Amino acid sequence: MLYYTSLICLLLLVCCQATVTLRNESAVIADLTSEVEELKAQLRVEKSRQLSMSGHHTPSHIVLGLLRLWGITPQSAVEKLIQHLAKSPSPAVLIDVGAHLGQEALLAVKSGVVVNSFEPDPRNCKKIEGTHASYLANGMMVLRCGAASSKSGQMKMSINDEHSDCVGCLAGNKNVHGVKEITVPVYAIDDIFFKEVSAQTYVIKTDTQGFELSVLEGANKLISKGLVPHIIVEFDPHLLDKQGPETAVQLLRFLDTHGYMCMDLSWLPEKGKTKDQTSLILNNRDFIAALRAHEGWAFTDLLCSYVK
């Protein structure tokens, strides 16, 4: 009898332990499930979704994270991104719209990244033809002396005889001293680069003094097909306003609806700042209002990465 009693007690103890273990495991699973759901919610808020493109490319939110960890300044952001592209097994082509004197293009070709540049100011174009002659000759760089926009054709452009940075050279400024009007060819990026069947990817950099939205609209097919993992765009509400009062919002909305998450490069970690100050653009109007409220002429560059 004692034997059976001991056996029954042992079985009851085992059952109790098993019940406790199951309850503990259930609690752990519940906690993990809660954490997973919380992470999912955070990812949805930040739109940190993994890149749904070729496996050759690092997920874009990881690239954005690396930019934080590098502690880089805005001036070196383009250089770091170019270095990242150069190390890829299947490098993207840099489409440099508003090349100016070809500074970013030079960084890219020296790193082994092929560049297609657009520069509408004939004076800048002539300088690039001289300073980048060897890269133009060996095919690492292609230069189009014209503008990029939503449609191919021609457009009138104002240039300043006294300087060539074009901040004061937008169309409509003909009455400003030293400004004259010229006609330049215009290219839609899709008309040049889009193919129905293509594995080639592109990075677009656009610095076009308020015409950034038109440039991206001209690349809508490439962007919609997921062939542009990264876009670097100058964002200046004052210049964008010249194209219409809602253009700044429309530009951010275009990037958002096409699946891009944008980081304000002017808020990247610099001396005297913490890495926590790196900012993702989550509220378009608040971001624009903050720029408008800034003392002086406020503009920035955005690094926008395609995320699923």
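Biologist: Which residues of H11 are buried?
Modeller: In H11, the buried residues are Thr247, Ala248, Val249, Leu251, Leu252, Phe254 and Leu255. Buried means under 20% relative accessible area, exposed over 50%, and partly exposed in between, with a 1.4 Å probe and protein chains only. Helices (H or I, at least four residues) and strands (E, at least two) are DSSP runs, numbered from the N terminus. This is a predicted model: local features need pLDDT of at least 70, side-chain atom pairs count only at pLDDT 80 or more, and totals for chains, interfaces and linings use all residues. Residues are numbered from 1 along each chain as its sequence is written, and side-chain values use heavy atoms, with hydrogens and water left out.
Biologist: What follows H11?
Modeller: Gly259, with a positive phi near 90°.
Biologist: Which residues have the most contacts inside the largest nonpolar core?
Modeller: Ile189, Ile231, Phe235 and Leu255, in a core of 37 residues. Helix H11 (residues 247-257) gives the largest share of this core, six residues. A nonpolar core here is a set of buried Ala, Val, Leu, Ile, Met, Phe, Trp, Tyr and Cys residues joined through side-chain atoms within 4.5 Å. There is also a second, separate core of 22 residues, with Ala99, Met140, Val203 and Leu265 among them.
Biologist: What is Leu255 in contact with, leaving aside its neighbours within four places in sequence?
Modeller: Leu216, Ile231, Val233, Tyr260, Cys262 and Cys304. Contact means heavy atoms within 4.5 Å.
Biologist: On to rings. How many aromatic pairs does the structure hold?
Modeller: Four. Rings of Phe, Tyr and Trp (its six-membered ring) pair if their centres lie within 6.5 Å; planes under 30 degrees apart count as stacked, over 60 as edge-to-face and the rest as tilted. For Tyr260 and Tyr306 the centres are 5.6 Å apart and the planes are at 65°, so that pair is edge-to-face.
Biologist: Where in the chain are Tyr260 and Tyr306?
Modeller: Tyr260 is in strand E9 (residues 260-264) and Tyr306 in strand E11 (residues 300-306), so the pair links distant parts of the chain, 46 residues apart. Both Tyr260 and Tyr306 are buried.
Biologist: Now E8. Which of its residues lie on each side?
Modeller: His230, Ile232 and Glu234 are on one side, with Ile231, Val233 and Phe235 on the other, and all are buried. Strand E8 covers residues 230-235.
Biologist: How many bridges join E8 to E7, and how many to E11?
Modeller: Four bridges join strand E7 (residues 202-206) to E8, and the two run parallel. E8 and E11 pair in the antiparallel sense over six bridges. Two strands pair if DSSP finds at least two bridges between them. Thr206 stands opposite Val233 in E8, and Ile232 stands opposite Leu303 in E11.
Biologist: What is the strand order in the open sheet of three strands?
Modeller: E4-E6-E5, with mixed pairing. Strands E4 (147-148) and E5 (153-160) are at the edges with a single partner strand each, so one side of each has no neighbour in the sheet.
Biologist: Last topic, backbone angles. What is phi at Gln209, and is Gln209 buried or exposed?
Modeller: Phi of Gln209 is near 55°, positive in a residue other than glycine. Gln209 is buried, with a relative accessible area of 11%. His100 is not a glycine either and has a positive phi of about 60°; at 26% relative accessibility, His100 counts as partly exposed.
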